[in-house]
Amino acid sequence: MNNSQIAEMFENIAGLLEMKSEKVFTIRAYQRAARTIERLPMELDAMLREEQDLRKIPGIGKAIADKIAEMVETNSLRYYDNLKAEFPDGILDVMQIPGLGPKTVRRLWQELGVTNIPELEAAIEDGRLESLPRLGKKTAENIARQIQFQRTKSKRMPIARAQPICDRLIAALKAQCPGITRIVPGGSLRRFEETIGDIDLVCTADDPADVLDALATMPNVADVLGHGDTKVSVYLSDGIQIDLRVVHERHFGALLQYFTGSLQHNILLRDRANALNLSLNEYGITDRETGVMEEFADEPALYQRLGLQYIPPELRQGVGEVKAALDGGIPRLVEVGDIRGDLHDHSDWSDGRDPMEAMILAAKERGLQYLAMTDHSVGRGIANGLSVARLEEHMATVRRLERDIGGIRLLCGTEMDIRADGTLDYADDVLERLDWVIASVHSAMGQDAPTMTERIIKAMRNPHVDVIGHLSTRLVGERQPVEADFEAIFRAAAATGTALEINASPERLDLKDSHAARARELGVPLVISTDAHTAEALDNTRYGVGVARRAWCEPRHILNAAPADEFFSFLKLPKNERTEAFARSA
Ligand code: DGT
Ligand code: CA
Ligand code: CA
Ligand code: ZN
């Protein structure tokens, strides 16, 4: 069993236990394990083969470690089989529908006899579902929409799943083949598309055959689709295809360029070559008159030969980037190293895994100058949201840790619910005392567009709301975004001086690239935050930066790329002066 399958099994166990109303503590332990395992840099079965102690992984205790061992050894888990047997067969499918929590699924089962998707659809169709108290017509419509979405959902994999698979694969190949000199992803993964069809790897090595054989014979390869002198294609048991090309050093640049795409970008680039009486292919650039081919060990030299500025992979979308590169219009895009603070972080005060202190130390270790502790507000009952009294204690703890730890500035913050009617979870006199207020939608996501738009804009009009968190609430490939007039929301953000978050949690990537680009055009201050629920998740900044780069963002477009002093003076400004001040400092 691979990591994704193990994580999914733990996720399912958590859901089934919640349906049984087991202890919250137990349920959380499984959820936490699932989350940790998805992100691990190494396959668990490989770790066990090397006899590593899994209990050293944060979030994995003895009970979970034993279960992992059983899963890896026997490809199943008795505990899971027994638990599943207590429920009807199709119930897990019903639970996979976004918006249907375990508690609701149990009600649908016990009160309407719904045990699978067809029965769920029937209950929506004949109006039984909407007649249940606290469900209603809107929820029924939303569920129907999600079922439809799941059905049409493509086989493409969210980048959140593809990236760790790719990282693990590269690490395994490097470990096995010391002759590898370079190995990097190309294709959609390198361009940072939010979903990935297959993973393309470009490699240089002393002994190409050795690398090709190594991939073809990996234990997690389910099928070898093709095996040649320079390339191999395999299908992993994770359900994703890998195309690996191994070439000589001197071809690396041209090949990497070709395999990075996009198809549309490559077409534009070939047109540019033609205009210079050159022809471009995956081996290099040929002069049409002399027939001489130039080779390129590095990509930048290839772009230079075509009279172009270097175009970063994230911009290779085939829209206007080649023209921009011709006119010197490719900006210096924001990089991970530009981000000086993280402004959306949870601890075990609400639904985070780690104590506040661990989060702060991890942020400091990563060189951040500032960090906002933004645990959930009181309305998020299931996420252990903070009452006003607990928020007071939370603030005092933040101030104390800031003094005790030193070397990093902390913001007393909250991630506060925007309720269905646009009112907020805390009153103004509470918000006023916080340094950083995120307002987010977590409930009633199925509202119609005018209602949702008004709800969010109403929150933005509050003078204490600094930023809107994960605006669309979508989960890449899993949950559709809310319906809203995003253009109106971006304009309201600029008008009110409310920042918008690019949520870097890889499942979310929200704002998405095109939205971030539009908000940037309108002068909205943007923030890249990880929404970390564990210390390791602070490393997810790179995903947010990927989105921002696809949106042509420079450091000046990102509020938390500002050094601490500049950032804190910005926060002192009343909201209605912020958009203008942000434009001036840019
Ligand atoms: P994906 O895998 O669907 O997420 O998207 P890509 O862009 O990774 O596409 P893929 O894996 O089929 O091919 C990788 C790159 O190779 C693609 O972006 C551009 C290049 N490529 C593939 N086929 C062709 C082709 O027929 N013509 C040209 N010019 N380039 C191609
Ligand atoms: Ca690909
Ligand atoms: Ca491919
Ligand atoms: Zn949230």
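This is a predicted model: local features need pLDDT of at least 70, side-chain atom pairs count only at pLDDT 80 or more; totals for chains, interfaces and linings use all residues.

Me: How many residues of α13 are buried?

Reply: Seven of the nine residues of α13 are buried, so the rest of the structure largely encloses this helix. The buried ones are Phe-252, Gly-253, Ala-254, Leu-255, Leu-256, Gln-257 and Thr-260.

Me: What follows α13?

Reply: Gly-261 comes after α13 and has a positive phi, near 65 degrees. The peptide bond from Gly-261 to Ser-262 is cis, with omega near -5 degrees. Ser-262 itself sits in the loop between α13 and α14.

Me: Where is Leu-511, which a cis peptide bond joins to Asp-510?

Reply: Leu-511 is in the loop between β16 (499-503) and α22 (513-521). For the bond between Asp-510 and Leu-511, omega is about 10 degrees.

Me: Which residue has a positive phi of about 60 degrees although it is not a glycine?

Reply: Glu-51 is one of them, with a positive phi of about 60 degrees. Glu-51 lies in the loop between α3 (44-49) and α4 (62-74). At 72% relative accessibility, Glu-51 counts as exposed. Asn-277 is also not a glycine and has a positive phi of about 60 degrees. Asn-277 is placed in the loop between α14 and β8 (278-281). With a relative accessibility of 31%, Asn-277 counts as partly exposed.

Me: Is His-265 buried or exposed?

Reply: His-265 has 0% relative accessibility, so it counts as buried. His-265 is part of helix α14. Its side chain has a partner: a polar contact of 2.7 Å joins His-265 and Glu-321.

Me: Now the metals. How do I read a metal site?

Reply: List the atoms that coordinate the metal, then find where their residues sit in the chain. Water is not among the atoms, so a site may look incomplete.

Me: Which residues coordinate the zinc ion (ligand 4)?

Reply: Glu-415 (OE), His-442 (NE2) and His-470 (NE2) coordinate the zinc ion (ligand 4), at 2.0 to 2.2 Å. Their spacing in sequence is E-x26-H-x27-H. Glu-415 is in strand β13 (residues 409-417) and His-442 is in the loop between β14 (436-440) and α20 (449-461), so this pair ties together parts 27 residues apart in sequence. Glu-415 has a relative accessible area of 1%, so it is buried. His-442 also counts as buried, because its relative accessibility is 12%.

Me: What are the protein donors of the calcium ion (ligand 3)?

Reply: The donors are Asp-198 (OD), Asp-198 (OD), Asp-200 (OD) and Asp-243 (OD), lying 2.2 to 2.7 Å from the calcium ion (ligand 3). In sequence the donor residues follow the spacing D-x1-D-x42-D. Asp-200 in strand β4 (residues 199-205) and Asp-243 in strand β7 (residues 241-247) form a pair that links distant parts of the chain, 43 residues apart. Asp-200 counts as buried, because its relative accessibility is 11%.

Me: How far apart are the calcium ion (ligand 3) and the calcium ion (ligand 2)?

Reply: These two calcium ions are 3.7 Å apart, and Asp-198 coordinates both.

Me: What surrounds ligand 1?

Reply: Ligand 1 is surrounded by 16 residues, and the closest are Arg-156, Ser-188, Gly-197, Asp-198 and Arg-270. By type, the shell around ligand 1 divides into four nonpolar, seven polar and five charged residues. At least three residues of this shell come from each of domain 2 (157-247) and domain 3 (252-326).

Me: Which side chains have a polar atom close to an oxygen atom of ligand 1?

Reply: Among them is Arg-191, with a side-chain N or O atom 2.8 Å from an oxygen atom of ligand 1. For Asp-198, the corresponding distance is 2.8 Å. A polar side-chain atom of Asp-200 lies 3.0 Å from an oxygen atom of ligand 1. Of the 600 Å² of accessible area that ligand 1 has on its own, the protein covers 69%. The elements giving two or more residues to the shell around ligand 1 are α11 (187-191), α13 (252-260) and α14 (263-275).

Methods
Residues are numbered from 1 along each chain as its sequence is written. Chains are lettered from A and ligands numbered from 1 in the order in which they are written. Side-chain values use heavy atoms; hydrogens and water are left out. Donors are N, O and S atoms within 2.8 Å of the metal (3.2 Å for Na, K and Ca); water is not among the atoms, so sites may look incomplete. Helices (H or I, at least four residues) and strands (E, at least two) are DSSP runs, numbered from the N terminus. Buried means under 20% relative accessible area, exposed over 50%, partly exposed in between (1.4 Å probe, protein chains only). A residue is near a molecule or strand if one of its heavy atoms lies within 4 Å of it. A polar contact is a pair of N or O atoms within 3.5 Å; within protein, one must be able to donate a hydrogen and the other to accept it, and residues adjacent in sequence count only if both atoms are side-chain atoms. Accessible areas come from the Shrake-Rupley method with a 1.4 Å probe; for residues, only the protein chains shown count as cover. Ala, Val, Leu, Ile, Met, Phe, Trp, Tyr, Cys and Pro count as nonpolar, Asp, Glu, Lys and Arg as charged, and the others, Gly among them, as polar. Domain bounds come from an automatic or database domain assignment.
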